[in-house]
Amino acid sequence: MAGFDASRLDRIRDWMQGYIDTRRYAGGAVLIARDGKEAFYHDAGLRDTATGAVWTRNTVARIYSMTKPVTSLALMQLVERGLIHLEQPISDFIPEFTDCRALVPGATDITRTAPCAPPTLHQLLTHTSGLSYAFNPGLVGAAMAQAKVEFRANQGTLAQMCIEAAKLPLAFTPGSRWEYSVGIDVIGRVVEVVSGHSLDAYFTQNIFDPLGMSETRFSVPEGARDRFAACYTPLAEGGFTTGKPEMGSDTLREIDGARKSPFLSATLFGGGGGLVGTIDDYMSFCEALRTGGAGIIAPRTLTFMMRNHLGCEIAAMGPSSFAEQPMEGMGFGIGGAVVLDPARARAPGSIGDFSWGGMASTFFWIDPVEQLSVVFFTQLIPSSSYPARPQLKALVHGALT
């Protein structure tokens, strides 16, 4: 079976069922392709505990930060066309970023800043821009939370939110550190400015339609609303906290229902986390990356994107933020993490694996050595709740013959 031991692949079924039986996940699915052929698929559990609807292959789920590689590819399409280059400052496209200031080292107050150059497109793509997230620790994260600079689906428009983000200081001088951020949301606005199209229209015309991704959009497609999954959290309050929050008594507390979700009618097209879609759609995207672009981008551009752009592992750049992947043994490319040393990352894999995940615990990776594409879908926030990602990598590599 495509170089797999079938009995060992079946361990994935038991692993998934264990998560469901213990009410850690409501439901989910795993899809594995090798050498362009489907090697394994399994779904289990429920997409909605309130209605009892089962998780099926065509379930539509929030992919959150797995949007980032899509947006990054869109920007690289514009780079290929000679319309922009990666060392351009963001102020060329969003003038509100012209007069940037960054916190001084050791600042204890948000007003302790110094002038700095605006971050470049490359720094935004690689999370070295000085931007942050509202759920990150530190002064800027707290300021973003207070100002509600969060790029959520129902928060006005992408253009408006980028202007709000530009009002806050940067967490550090661009290029000096790595911190997971809204940088790729801002990149989505660059795509809009340069192309002259809204981000949803650009994605549809240049990525989704060419790849046959008919059910991946910023709003749940009308015909798919009865297949949209609910989203849950084990936390006592909120759902986007990423530190060590208080766990609630209900490990599957619904925080975004399938019938009243802002993803049913999005107004803000967040390039960093706004898409919903099906597992087969996302596999189509992964396979396009693995096989050289499927005509939507050049193979050499993809090779460039999936190299480490940091010059070191993420951990060496002093991050204090949350991330969707380990920081040791991992570099970062254009829109995703790159395995530099599987041993330091403490999960089986190949050097050069390209991957990222989403806040609702979705995950994908592309293995160029084993010619693998793997996609995992579920809906639980935060993604740091359980060690499902390294466990799945161990299961998949354990099944290779």
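# A guided tour of cavities, sheet and loops

The structure holds 2 cavities of 30 Å³ or more. On a 1 Å grid over the protein atoms alone, a cavity is a set of points where a 1.4 Å probe fits but cannot get out; a pocket is an open set with protein on both sides within 12 Å along at least five of seven lines, and lining residues have an atom within 4 Å of a point. Grid points are joined across faces, edges and corners, and a volume is the space filled by probe spheres set on the points.

The model is predicted: local features need pLDDT of at least 70 and side-chain atom pairs count only at pLDDT 80 or more, while totals for chains, interfaces and linings use all residues. Residues are numbered from 1 along each chain as its sequence is written, and side-chain values use heavy atoms, with hydrogens and water left out.

**Stop 1: the cavities.** Select Leu131, Val140, Met144, Val149, Ala165, Leu168, Pro169 and Val182, which line the largest cavity. Its volume is about 60 Å³. The lining divides into 8 nonpolar, no polar and no charged residues, where Ala, Val, Leu, Ile, Met, Phe, Trp, Tyr, Cys and Pro count as nonpolar, Asp, Glu, Lys and Arg as charged, and the others, Gly among them, as polar.

Next, select Met16, Tyr19, Ile20, Tyr25, Gly27, Gly28, Ala44, Phe376 and Thr378, the lining of the second largest cavity. Two elements give two or more residues to this lining, helix 1 (6-21) and strand 1 (27-34); helices (H or I, at least four residues) and strands (E, at least two) are DSSP runs, numbered from the N terminus. Helix 1 gives the most, with 3 residues. The volume of the second largest cavity is about 50 Å³, and its lining comprises 6 nonpolar, 3 polar and no charged residues.

Stop 2: Display the open sheet of 8 strands, whose order is 3-2-1-14-13-12-11-10 with antiparallel pairing. Strand 3 (53-54) and strand 10 (330-332) stand at the edges with a single partner strand each, so one side of each has no neighbour in the sheet. Two strands pair if DSSP finds at least two bridges between them. Within the sheet, 5 bridges join strand 13 (residues 363-367) to the antiparallel strand 14 (residues 372-377). Select Phe364 to find Val375 of strand 14 opposite.

Stop 3: Centre the view on Glu324, Gln325, Pro326, Arg389 and Pro390, which among the 25 lining residues lie nearest the centre of the second largest pocket. This pocket holds about 450 Å³ of space. Helix 11 gives the most to its lining, with 4 residues. By class, the lining has 15 nonpolar, 6 polar and 4 charged residues.

**Stop 4: backbone in the loops.** Select Pro382, in the loop between strand 14 and helix 11. The peptide bond from Ile381 to Pro382 is cis, with omega near 0°. Ala294 has a positive phi of about 50° although it is not a glycine; look for Ala294 in the loop between helix 8 (279-291) and helix 9 (299-305). Finish at Arg346, in the loop between helix 10 and strand 12, where phi is positive at about 60° although Arg346 is not a glycine.
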